Amino acid sequence: EYIITRLGRWIDFKNDYKSMYLTYMESIWWVFKQLYNKGLVYEGYKVMPFSTACNTPLSNFEAGQNYKDVSDPSVIVNFPLEDEPGTEVIAWTTTPWTLPSNLGLCVHPDLTYVKVQSKADKKVYILMEARLVALFKTADDYTVLDKFPGKKLEGKKYKPLFNY
(Lines give C-alpha, C1' and ligand atoms only; values in the text may rest on other atoms or scores of the structure.)
Protein backbone atom coordinates (compact mmCIF):
# COMPACT_ATOMS: atom_id res chain seq x y z
CA GLU A 1 0.00 0.00 0.00
CA TYR A 2 2.82 2.39 0.89
CA ILE A 3 4.63 1.92 -2.43
CA ILE A 4 1.48 2.23 -4.54
CA THR A 5 0.54 5.48 -2.77
CA ARG A 6 4.06 6.84 -3.31
CA LEU A 7 3.75 6.07 -7.02
CA GLY A 8 0.74 8.40 -7.16
CA ARG A 9 -1.98 5.76 -7.53
CA TRP A 10 -5.00 6.19 -5.35
CA ILE A 11 -6.51 2.83 -4.49
CA ASP A 12 -9.00 2.09 -1.73
CA PHE A 13 -7.18 -0.83 -0.08
CA LYS A 14 -9.77 -1.13 2.69
CA ASN A 15 -12.74 -1.66 0.32
CA ASP A 16 -11.06 -3.40 -2.57
CA TYR A 17 -12.37 -6.42 -4.44
CA LYS A 18 -10.51 -9.38 -5.77
CA SER A 19 -11.54 -10.76 -9.13
CA MET A 20 -11.17 -14.31 -7.80
CA TYR A 21 -13.70 -13.84 -4.95
CA LEU A 22 -16.79 -15.96 -5.61
CA THR A 23 -19.10 -13.05 -4.79
CA TYR A 24 -17.38 -10.90 -7.40
CA MET A 25 -17.47 -13.65 -10.06
CA GLU A 26 -21.16 -14.35 -9.34
CA SER A 27 -22.02 -10.67 -9.68
CA ILE A 28 -20.29 -10.54 -13.08
CA TRP A 29 -22.22 -13.59 -14.27
CA TRP A 30 -25.48 -11.99 -12.97
CA VAL A 31 -24.77 -8.80 -14.96
CA PHE A 32 -23.90 -10.84 -18.05
CA LYS A 33 -27.19 -12.79 -17.76
CA GLN A 34 -29.15 -9.53 -17.50
CA LEU A 35 -27.48 -8.25 -20.66
CA TYR A 36 -28.11 -11.57 -22.43
CA ASN A 37 -31.81 -11.59 -21.45
CA LYS A 38 -32.19 -8.10 -22.93
CA GLY A 39 -30.66 -9.25 -26.23
CA LEU A 40 -27.56 -7.09 -25.78
CA VAL A 41 -25.06 -9.94 -26.13
CA TYR A 42 -24.04 -11.15 -29.57
CA GLU A 43 -21.27 -13.19 -31.10
CA GLY A 44 -19.03 -11.32 -33.48
CA TYR A 45 -15.51 -10.79 -34.62
CA LYS A 46 -13.38 -7.74 -33.93
CA VAL A 47 -9.70 -7.11 -34.45
CA MET A 48 -8.17 -6.44 -31.04
CA PRO A 49 -4.78 -5.00 -30.19
CA PHE A 50 -2.74 -7.71 -28.49
CA SER A 51 0.05 -7.66 -25.93
CA THR A 52 2.62 -10.32 -26.71
CA ALA A 53 4.25 -9.64 -23.33
CA CYS A 54 1.06 -10.33 -21.34
CA ASN A 55 -0.48 -12.71 -23.90
CA THR A 56 -3.80 -10.82 -23.61
CA PRO A 57 -5.91 -8.45 -25.68
CA LEU A 58 -5.51 -4.76 -24.83
CA SER A 59 -8.30 -2.37 -23.94
CA ASN A 60 -8.82 0.75 -26.06
CA PHE A 61 -7.27 2.75 -23.23
CA GLU A 62 -4.16 0.55 -23.07
CA ALA A 63 -3.73 0.52 -26.83
CA GLY A 64 -3.98 4.31 -26.95
CA GLN A 65 -1.50 5.00 -24.17
CA ASN A 66 1.54 6.84 -25.39
CA TYR A 67 0.40 6.54 -29.02
CA LYS A 68 2.48 8.64 -31.38
CA ASP A 69 2.76 9.05 -35.12
CA VAL A 70 6.42 8.43 -35.85
CA SER A 71 8.54 8.38 -38.95
CA ASP A 72 9.68 4.84 -39.52
CA PRO A 73 12.89 4.75 -41.55
CA SER A 74 12.71 2.51 -44.57
CA VAL A 75 14.75 1.70 -47.64
CA ILE A 76 13.90 0.89 -51.24
CA VAL A 77 16.15 -1.74 -52.79
CA ASN A 78 16.58 -2.82 -56.41
CA PHE A 79 16.93 -6.53 -57.21
CA PRO A 80 18.18 -7.11 -60.80
CA LEU A 81 16.40 -10.00 -62.53
CA GLU A 82 18.65 -12.78 -63.87
CA ASP A 83 16.52 -13.59 -66.93
CA GLU A 84 15.78 -9.95 -67.87
CA PRO A 85 19.01 -7.91 -67.87
CA GLY A 86 18.29 -4.25 -67.24
CA THR A 87 15.09 -4.96 -65.30
CA GLU A 88 15.03 -4.61 -61.54
CA VAL A 89 12.35 -5.55 -59.00
CA ILE A 90 11.78 -2.81 -56.43
CA ALA A 91 11.39 -3.93 -52.81
CA TRP A 92 10.59 -1.78 -49.79
CA THR A 93 11.56 -2.70 -46.22
CA THR A 94 11.60 -1.19 -42.74
CA THR A 95 14.11 -3.83 -41.66
CA PRO A 96 17.19 -3.20 -43.80
CA TRP A 97 19.42 -5.18 -41.42
CA THR A 98 17.76 -8.35 -42.77
CA LEU A 99 18.90 -7.68 -46.35
CA PRO A 100 22.24 -9.55 -46.08
CA SER A 101 20.33 -12.77 -45.37
CA ASN A 102 17.57 -12.14 -47.92
CA LEU A 103 16.56 -15.31 -49.76
CA GLY A 104 13.39 -14.24 -51.56
CA LEU A 105 10.94 -11.51 -52.45
CA CYS A 106 7.24 -11.77 -51.70
CA VAL A 107 4.48 -10.47 -53.93
CA HIS A 108 0.71 -10.72 -53.65
CA PRO A 109 -0.51 -13.09 -56.37
CA ASP A 110 -3.69 -11.10 -57.09
CA LEU A 111 -2.48 -7.50 -56.86
CA THR A 112 -1.44 -5.56 -59.96
CA TYR A 113 2.24 -5.03 -60.66
CA VAL A 114 3.73 -2.86 -63.38
CA LYS A 115 6.89 -2.81 -65.42
CA VAL A 116 7.86 0.80 -65.95
CA GLN A 117 10.74 2.67 -67.53
CA SER A 118 12.03 5.70 -65.69
CA LYS A 119 12.38 8.71 -67.99
CA ALA A 120 15.18 10.08 -65.78
CA ASP A 121 17.62 7.15 -65.90
CA LYS A 122 16.00 4.93 -68.58
CA LYS A 123 16.06 1.95 -66.15
CA VAL A 124 13.23 -0.59 -66.13
CA TYR A 125 11.60 -1.38 -62.78
CA ILE A 126 8.91 -3.80 -61.60
CA LEU A 127 6.81 -2.77 -58.61
CA MET A 128 3.27 -2.89 -57.32
CA GLU A 129 1.11 -0.42 -59.23
CA ALA A 130 -0.19 1.17 -56.02
CA ARG A 131 3.40 2.04 -55.00
CA LEU A 132 4.26 4.08 -58.09
CA VAL A 133 3.65 7.24 -56.05
CA ALA A 134 6.41 6.19 -53.63
CA LEU A 135 9.00 5.99 -56.40
CA PHE A 136 7.92 8.70 -58.85
CA LYS A 137 6.65 12.22 -58.21
CA THR A 138 4.32 12.34 -61.24
CA ALA A 139 3.03 10.01 -63.93
CA ASP A 140 5.14 11.98 -66.41
CA ASP A 141 8.30 10.56 -64.79
CA TYR A 142 7.79 7.03 -66.16
CA THR A 143 6.31 4.99 -68.98
CA VAL A 144 4.24 1.88 -68.23
CA LEU A 145 5.56 -1.02 -70.31
CA ASP A 146 3.38 -3.82 -68.88
CA LYS A 147 0.72 -4.57 -66.23
CA PHE A 148 0.23 -8.01 -64.72
CA PRO A 149 -0.86 -9.86 -61.56
CA GLY A 150 1.79 -10.70 -58.97
CA LYS A 151 1.52 -14.44 -59.70
CA LYS A 152 3.36 -13.76 -62.99
CA LEU A 153 6.47 -12.99 -60.90
CA GLU A 154 6.44 -16.39 -59.19
CA GLY A 155 9.68 -18.28 -59.71
CA LYS A 156 11.61 -15.28 -61.07
CA LYS A 157 15.24 -15.26 -59.99
CA TYR A 158 17.20 -12.18 -59.07
CA LYS A 159 20.85 -11.45 -58.38
CA PRO A 160 21.45 -11.48 -54.62
CA LEU A 161 22.64 -8.31 -52.94
CA PHE A 162 25.71 -10.10 -51.56
CA ASN A 163 27.78 -12.87 -53.15
CA TYR A 164 27.84 -15.48 -50.38
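1. Strands here are DSSP E runs of at least two residues, numbered from the N terminus. Bear in mind that this is a predicted model: local features need pLDDT of at least 70, side-chain atom pairs count only at pLDDT 80 or more, and totals for chains, interfaces and linings use all residues. Residues are numbered from 1 along each chain as its sequence is written, and side-chain values use heavy atoms, with hydrogens and water left out.

2. On pairing, two strands count if DSSP finds at least two bridges between them.

3. Zooming out, the open sheet has five strands in the order E3-E4-E6-E5-E7, with mixed pairing. E3 (75-80) and E7 (142-149) are the edge strands, each pairing on one side only.

4. E4 (residues 87-93) and E6 (residues 124-128) run parallel, joined by three bridges, and valine 89 has isoleucine 126 as its bridge partner in E6. E5 and E7 are antiparallel over seven bridges; lysine 115 is partnered with aspartate 146 in E7.

5. E5 (residues 112-118) is mostly covered, with five of its seven residues buried. Buried means under 20% relative accessible area, exposed over 50%, partly exposed in between (1.4 Å probe, protein chains only).

How values were computed: Helix = DSSP H or I, 4+ residues; strand = E, 2+ residues; numbered from the N terminus.
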